[in-house]
Protein chains: 6
Amino acid sequence: MNAVFVNGLVCKNPKYVKPEDFFFSGLDKAGDTSKNLGSNVTLVNVDRLAGLNTLGISLARIDFAPKNGLNPPHIHPRATEVLTVMEGTLYVGFVTSAPEFKLFSKVLNKGDVFVFPQGLIHFQFNFGAVPAVAFAGLSSQNPGLVTVANTVFGSNPPISDDVLAKAFQLDKKTVDWLQAQFSNSN
Amino acid sequence: MNAVFVNGLVCKNPKYVKPEDFFFSGLDKAGDTSKNLGSNVTLVNVDRLAGLNTLGISLARIDFAPKNGLNPPHIHPRATEVLTVMEGTLYVGFVTSAPEFKLFSKVLNKGDVFVFPQGLIHFQFNFGAVPAVAFAGLSSQNPGLVTVANTVFGSNPPISDDVLAKAFQLDKKTVDWLQAQFSNSN
Amino acid sequence: MNAVFVNGLVCKNPKYVKPEDFFFSGLDKAGDTSKNLGSNVTLVNVDRLAGLNTLGISLARIDFAPKNGLNPPHIHPRATEVLTVMEGTLYVGFVTSAPEFKLFSKVLNKGDVFVFPQGLIHFQFNFGAVPAVAFAGLSSQNPGLVTVANTVFGSNPPISDDVLAKAFQLDKKTVDWLQAQFSNSN
Amino acid sequence: MNAVFVNGLVCKNPKYVKPEDFFFSGLDKAGDTSKNLGSNVTLVNVDRLAGLNTLGISLARIDFAPKNGLNPPHIHPRATEVLTVMEGTLYVGFVTSAPEFKLFSKVLNKGDVFVFPQGLIHFQFNFGAVPAVAFAGLSSQNPGLVTVANTVFGSNPPISDDVLAKAFQLDKKTVDWLQAQFSNSN
Amino acid sequence: MNAVFVNGLVCKNPKYVKPEDFFFSGLDKAGDTSKNLGSNVTLVNVDRLAGLNTLGISLARIDFAPKNGLNPPHIHPRATEVLTVMEGTLYVGFVTSAPEFKLFSKVLNKGDVFVFPQGLIHFQFNFGAVPAVAFAGLSSQNPGLVTVANTVFGSNPPISDDVLAKAFQLDKKTVDWLQAQFSNSN
Amino acid sequence: MNAVFVNGLVCKNPKYVKPEDFFFSGLDKAGDTSKNLGSNVTLVNVDRLAGLNTLGISLARIDFAPKNGLNPPHIHPRATEVLTVMEGTLYVGFVTSAPEFKLFSKVLNKGDVFVFPQGLIHFQFNFGAVPAVAFAGLSSQNPGLVTVANTVFGSNPPISDDVLAKAFQLDKKTVDWLQAQFSNSN
């Protein structure tokens, strides 16, 4: 028998659907923040929770190490994110599009909520002395993640250093060094 | 000067937009669960956080009193909900549409996640001895809330008791009594 | 050869598509109103008329027995309904969402039209002495149907009677009796 | 006080909304088929039923004179139409897009249903000896109507007859005569 | 292994996707304008550039022979078109829907841009002495094309000449002659 | 009289709409490539061509200086772009999202077409000895533009250099120098 696909994913025969198809477990566990610049995102999207398919939403837990745990500047190509702080303190912000490039930033404490509109570069930073934890809703079952530095300096194969040197006003030696750094980090 | 409206809401002049327009405070505070069947929903939708307009998402905190705190059967007409338990234990479920009327239910513990698809009746119930807290993302900046019992028995003006007696296979005396109860509760 | 699927349904090779793929027959026949509370819905959705797939619309005929034929309170999770009366008289209505729970109702005669917005609980009731017939357009090829009483009291398996007793302010004995009634009716 | 607009239409203050805002009356009345090629469309769209705004659906009654009452080839730029015959017999059809230009046509009797996909040219024709009546649902609150002959030959100002003569392989005299006909008919 | 389909088209395994899947070559070549009324459309849609699937856009080059090269009145059922002239001069226009049937037309020179809204009949005509070239973006990866004359007079099988004679106020002999012309041209 | 707004923009009374409302002039003129890294984008979006409102498309001309004219890495938060080369040669590419960060790049010659999916970082670079010109369609009337370097290093106010130093693995002195560069360039 052929499988039925919706959005490129297998769509289970309704007869055999179970509560577990709408269930995911483990968001109480802190992510490992010893790598990745001191942050860790646990994203419950359609890959991990099949019942989200076509429903236009996902959920994430983000852990931050104390003293500079960083979720670095990134974009979700298909989702707006609304985040709330569960523990600790975060400096967060997003930048509007050209030609204003306005930074809207805020220091968030426990219980504060902030919005990061679809397709805009944003970040979250824990400058505090204790770990921070945030939860976020995203307006797609498959939001996607474009980490700016890794995308620009760590792509595979690399972007021409002529392009990057000019775009970032850096000499090529610095670009090459950055590319080596991020090439290792992916 | 006239105001500019988007989706029926005032759209601020971009020049005067501030970080505060994307900010909400207070989700760390437990809602009062002494009324409303022992639950309390704090919904951060476009009415409370203007920056959500057009962005298709909102966030909620739901508090449950211990020993039977109930978020009773309800529907969001314009949103799917994905919920995670922060504290305590919840018995949750939703029922599929006709003709199957299948109940998909689950007991959720801390860190568990469950999906309630758009337009389906669902509930959350704290049968545990301690308070429970959940956070949820909803796939609309204005999800709407149709509480089944209040809608059916507590509308203003009331639905004809001929209709309700037949629909729920109750005698009219019981329906009238229910309507009196829910009329008071709104 | 593998079948091609769109929205989880087989998409016919365009070469072999025929006029019959856009055709359905039988909306002139009155539905049997001797069961189901005295009403009967004939819904022409994508399951019955394959050519509707992706096109966002379906059509229904609703028959009502005289003297209290009822299409009981229900919701379409994915569609708005616009209905017109062909024969007889109907008392119809829908209830807005929280916290207003306003009932918008109307007695409709032949040629009258009424709108039931997506995701809101609505009903149609023939209190007249002759049969009534209505036709309706729905804004989805797969609108779905959530009949409130059957969903709440007749799901399979049943919702905990603790939940329902509290939600509807009924004693558990009444809830159990209702569950027995609706369990039989599905 | 300023009015609030949604989709360019005034959005009433929810406090003052009444059941009448979701109501339209008169679809039981046959349209006048003595003009317009022997057909008459009564369209209940958002202009006539304000409560349809944003809800993505409208409803139409179409009357046909006996012996060649015609709803001539036309397009709805923003809607699919699903039609059912209430009385009489109709020859209906639509043509697929380039390069096939396949005609899918059918003779419809009472109770038959046919689909006319969005943006495709379609027509309905009563070749029978008695009047015909059809009802249709359309997947937009503002479907729009592009009558082919009136659009092509009766626009204001007229399209250059060089263009039309070449496009329709007619001599300019015939085009000019057609333009005179349709110019009068609008 | 079964293929995965999205929108009825094969969706390549991401592992094997190559730059070529987002690439098309040949828009620098003038289309053959010796047939088709003196125009030629090279449309880069999802059939020719698989990487456009789900992305809602396509691109076209349109060539016009000098002295009356015509892209005849047509409709895109699923797309708005925005066109710019690269070489030569074009008389272009579209007609609004009923009941106004207003023609919005303009003579476009090199560098001019014009919009043809979704589902409205439009045309482009080169009345100049030199060839003309235009490029256009369309708001769908599969815009579709309904050429009015070919659809109406050249469908397969043909539309009844009773319908067409009445709709276009032509005698049946003229209609039959037109049908013979367009039948040959498809 | 109050103005009517759609999407936050004034919607003209249909009576007074003119062909000019669907018209823009000047895409034949080369943009000034002496600044902005040697490229210049002329974007015909809804701000410049009011008739595009709600229609989901815009058009752009991009000019590139010879010898390293660069349209630097950027994102359109609300649109996919499909581009074709009119003159010259371009090295173009986009990078997929995490965790693959694959670069899909290609050297494009006259008549070649490439797709840049919504929300992904992409660039175009003229390494040739002659000027290059490209035209592009974008799948939104208001695509937005997030230039990566200006957003990250040139926002107003600036993003904390702690964040940027860590995210890009640069020392703060380099970050401060970059911020000074891009602060001047906006």
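Predicted model: local features only at pLDDT ≥ 70, side-chain atom pairs only at ≥ 80, totals over all residues.
Local features here require pLDDT of at least 70 and side-chain atom pairs pLDDT 80 or more, while totals for chains, interfaces and linings use all residues. Residues are numbered from 1 along each chain as its sequence is written, chains are lettered from A and ligands numbered from 1 in the order in which they are written, and side-chain values use heavy atoms, with hydrogens and water left out.

Biologist: Is B:D21 buried or exposed?

Modeller: B:D21 is placed in the loop between β2 (9–11) and β3 (23–24) of chain B; strands are DSSP runs of E of at least two residues and helices runs of H or I of at least four, numbered from the N terminus. Buried means under 20% relative accessible area, exposed over 50%, and partly exposed in between (1.4 Å probe, protein chains only). The relative accessible area of B:D21 is 18%, so this residue is buried.

Biologist: Which side chain is joined to that of B:D21 by a polar contact of 2.8 Å?

Modeller: A polar contact is a pair of N or O atoms within 3.5 Å; within protein, one must be able to donate a hydrogen and the other to accept it, and residues adjacent in sequence count only if both atoms are side-chain atoms. A polar atom of the B:D21 side chain also lies 2.8 Å from the backbone nitrogen of B:K18. The side chain joined to that of B:D21 at 2.8 Å is that of B:K12.

Biologist: How many salt bridges does the rule find across the interface of chain A and chain F?

Modeller: Chain A and chain F bury about 4,300 Å² between them, 73% of it on carbon and sulfur atoms; buried area is the accessible area (1.4 Å probe) that two parts lose on being put together, summed over both. Between these chains, 14 residue pairs are in polar contact, both residues at pLDDT 80 or more. A salt bridge needs a side-chain nitrogen of Lys or Arg within 4 Å of a carboxyl oxygen of Asp or Glu. Across the interface of chain A and chain F, the number found is 0.

Biologist: How many of the 8 residues of helix α2 (residues 161–168) of chain E are buried?

Modeller: At the start of α2(E), a side-chain oxygen of E:S160 comes within 3.1 Å of the backbone nitrogen of E:D162, and just after the helix E:Q169 has a positive phi of about 55°. The buried residues include E:D161, E:L164 and E:F168. Helix α2 of chain E is largely enclosed by the rest of the structure, because the number of its 8 residues that are buried is 6.
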